[in-house]
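Please keep the sequence and the structure in view while reading.

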Amino acid sequence: MDLFPCNECAKAIIQSGIKEVVYLSDKYKESDNNIASRKLLDTCGVTYKKISSLKNKKIEIELSESE
């Protein structure tokens with residue numbers, strides 16, 4: 001993600017089972033929308049972290065098969 005997710009995106013992230021969010025910018029950190037988003041993610045145990053750049057970074061996505 002580029003920006004920290006809004007509260008509507010946070011809901012979709014939680015419902016989809018994503019456990020970690022990585023973002024580049026927290027431009028709207030003090031907005032009510034992002035404060036609510038953080039509360040949602042924290043409550044549901046979704047971790048998030050900001051990275052400074054994607055240069056020289058490796059992103060891995062692990063998918064599990066549902067039976």
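Within what distance do the axes of α1 and α2 come, and at roughly what angle do they cross? In this predicted model, the two axes come within 8 Å of each other and cross at roughly 15°. Because angles under 35 degrees count as roughly parallel, α1 and α2 are described as roughly parallel to each other.

**The protein as a whole**

- The protein contains two helices and two strands, and reading along the sequence gives the pattern α-β-α-β.
- Along its principal axes, the C-alpha trace spans about 40 × 30 × 15 Å.
- The protein has 67 residues, of which 19% count as buried.

**How the two helices meet**

- Two packed helices are described by the angle between their axes and the distance between the axes.
- The crossing in which α1 passes α2 is right-handed.
- On the α1 side, the contact is made by Asn-7, Ala-10, Lys-11, Ile-13 and Ile-14, while on the α2 side it is made by Asn-33, Ala-36, Ser-37, Leu-40 and Leu-41.

**Helix α2 and its two faces**

- Helix α2 covers residues 32-43, which makes 12 residues, and its reach from first C-alpha to last is 16 Å, close to the 16 Å expected at 1.5 Å a residue.
- Which residues of α2 are buried? They are Asn-34, Ser-37, Arg-38 and Leu-41.
- Just after α2 in the chain comes Gly-45, which takes a positive phi of about 75°.

**Asp-26, a residue in a loop**

- Asp-26 is found in the loop between β1 and α2.
- Is Asp-26 buried or exposed? Its relative accessibility is 15%, and because buried means under 20%, Asp-26 counts as buried.
- When its neighbours within four places in sequence are left aside, Asp-26 is in contact with Phe-4, Asn-34, Arg-38 and Lys-50; Asn-34 and Arg-38 are also among the buried residues of α2.

**Thr-47, a residue in a strand**

- Thr-47 lies in strand β2, and with a relative accessible area of 43% it is partly exposed.
- How many residues apart in sequence are Thr-47 and Glu-20? They are 27 residues apart in sequence, while in space they are 4.6 Å apart, C-alpha to C-alpha.
- Glu-20 is also one of the contacts of Thr-47 once its neighbours within four places in sequence are left aside, and the others are Lys-19 and Val-21.

**Glu-8, a residue in a helix**

- Glu-8 has its place in helix α1, where a relative accessible area of 49% makes this residue partly exposed.
- Glu-8 and Val-46 are 38 residues apart in sequence, and their C-alpha atoms are 15 Å apart in space.

Conventions: Residues are numbered from 1 along each chain as its sequence is written. This is a predicted model: local features need pLDDT of at least 70, side-chain atom pairs count only at pLDDT 80 or more; totals for chains, interfaces and linings use all residues. Side-chain values use heavy atoms; hydrogens and water are left out. Helices (H or I, at least four residues) and strands (E, at least two) are DSSP runs, numbered from the N terminus. The expected span of a helix is 1.5 Å times one less than its number of residues. Buried means under 20% relative accessible area, exposed over 50%, partly exposed in between (1.4 Å probe, protein chains only). Axes are lines fitted to C-alpha atoms, for helices over the stretch in contact, and angles run from 0 to 180 degrees between N-to-C directions. Angles under 35 degrees count as roughly parallel, over 145 as roughly antiparallel, 65 to 115 as roughly perpendicular and the rest as oblique. A crossing is left-handed if the near helix is turned anticlockwise from the far one by less than a right angle, and right-handed if clockwise. Contact means heavy atoms within 4.5 Å.
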